[in-house]
Amino acid sequence: FSTASGETIRATLFPGDGIGPEIAESVKQVFNVAGVPIEWEEHYVGTEVDPRTESFLTWESLESVRRNKVGLKGPMATPIGKGHRSLNLTLRKELGLYANVRPCNSLPGYKTRYDDVNLVTIRENTEGEYSGLEHQVVRGVVESLKIITRQASLRVAEYAFHYAKANGRERVSAIHKANIMRKTDGLFLKCCREVAEKYPEIQYEEVIIDNCCMTLVKNPGLFDVLVMPNLYGDIISDLCAGLIGGFGPDTPVATSVKVAFCLAEAVHGSAPDIAGMNLANPTALMLSAVMMLRHLQFNDQADRIHNAILKTIAEGKFRTADLGGKASTSEFTNAVCDHI
Ligand code: NAD
């Protein structure tokens, strides 16, 4: 494969566990048909803990993403037991994936409770209540520290406004509970306001999290881009996935001045109950791959693949069982390829 200029892009692929390899195969097939100039470097989760990463992910796998700066990740079953770091935490920390970006769109032709959802949640991914700082003060009393820093808040706010501008979005809503968490969420809001001033063309508003939940459930069409601290983002992004039927792409992105890592992943898990049965729905991983293509500015191929997925679902002839159909993974994938 090569781009118009003859360039081949290398990207890391973690097929993952359970249904992961089957749906990763679907993405490869679709990329082939669309002529995407990407060469995959495949990495699997190891069977032993790598002492260099303290995780089942090897140092070589992480180096692959660092080198390529872009990757696609299938679902990974976190091995049970002590003495190792969770796979997702390892990826997040080692690669500094500080913003978790989840677009949430209604699928035309697939009826859910709402048909006008078109929003994006951007979640700070490194601190807040998930800083891992918990301890017992005395017997029966525990304490957990919520960390909010100016640096991480400015970084995610900057990403949210940059994303809004780059994607033709009109409004950024900062979600908070600063009326109670005056210092922590207060600092988060202060940082959002500072960044908002640099983007006068994007509307900015602040919404208290409880009000945000009610509005999302009553009228999700009112939101555009939402930016928020870690814990709120974890909950709100799943609430939003539920509004459109439960699945969607999930892309933690990290950028710094010179390097940008983009690791796109599906929200769902490894679905061990249907693994190896050719029943899995590859849509979420395909849509994540589309986000990866947009990050690489392969907008033409991204549009073609995205439209083909939407058409296949809207037609309804080849839907997988989770969407009420009878099609296998390969039948659905072939239909998407036909539409491309
Ligand atoms: P799950 O998402 O794997 O499965 C929940 C239900 O949804 C199952 O009935 C499954 O069959 C169905 N399902 C999920 N994805 C589907 C798809 N693409 N097509 C059709 N049906 C699908 O959640 P779980 O059972 O709680 O977790 C299983 C494993 O996945 C665990 O080991 C968990 O740690 C891991 N997990 C990984 C990630 C990740 O890597 N990002 C996320 C969640 C769970």
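**Exercise 1. Describe the shell around the ligand by residue class, and state which residues come nearest.**

Solution. The structure is a predicted model, in which local features need pLDDT of at least 70, side-chain atom pairs count only at pLDDT 80 or more, and totals for chains, interfaces and linings use all residues. Residues are numbered from 1 along each chain as its sequence is written.

Step 1. The shell around the ligand has nine nonpolar, six polar and three charged residues. Ala, Val, Leu, Ile, Met, Phe, Trp, Tyr, Cys and Pro count as nonpolar, Asp, Glu, Lys and Arg as charged, and the others, Gly among them, as polar.

**Exercise 2. Characterise the packing of α1 with α8.**

Solution. Step 1. Helix α1 spans residues 20-34 and helix α8 residues 283-295; their axes are 9 Å apart at an angle of about 45°. Helices are DSSP runs (H or I, at least four residues), numbered from the N terminus. Axes are lines fitted to C-alpha atoms over the stretch in contact, with angles from 0 to 180 degrees between N-to-C directions.

Step 2. The angle makes α1 oblique to α8. Angles under 35 degrees count as roughly parallel, over 145 as roughly antiparallel, 65 to 115 as roughly perpendicular, and the rest as oblique.

Step 3. The crossing of α1 with α8 is right-handed, a term for a near helix turned clockwise from the far one by less than a right angle, with anticlockwise giving left-handed.

Step 4. Ile-23, Ala-24, Ser-26, Val-27 and Val-30 of α1 make the contact with Leu-285, Met-286 and Ala-289 of α8; contact requires C-beta atoms, placed from the backbone, within 7 Å. Seven of these residues are nonpolar, one is polar and none is charged.

**Exercise 3. How are α8 and α9 oriented, and which residues meet?**

Solution. Step 1. The two axes come within 8 Å and cross at roughly 160°. α8 and α9 are therefore roughly antiparallel, and their crossing is left-handed.

Step 1. Among the residues that meet are Met-286, Leu-287 and Val-290 in α8 and Ala-302, Ile-305 and Ile-309 in α9. The whole contact divides into seven nonpolar, four polar and one charged.

**Exercise 4. Characterise the crossing of α9 and α10.**

Solution. Step 1. The axes of α9 (residues 299-315) and α10 (residues 329-339) come within 8 Å and cross at roughly 120°. That makes α9 oblique to α10.

Step 1. α9 passes α10 in a right-handed crossing.

Terms used:
Helix = DSSP H or I, 4+ residues; strand = E, 2+ residues; numbered from the N terminus. Contact = placed C-beta atoms within 7 Å. Near = placed C-beta within 6 Å.
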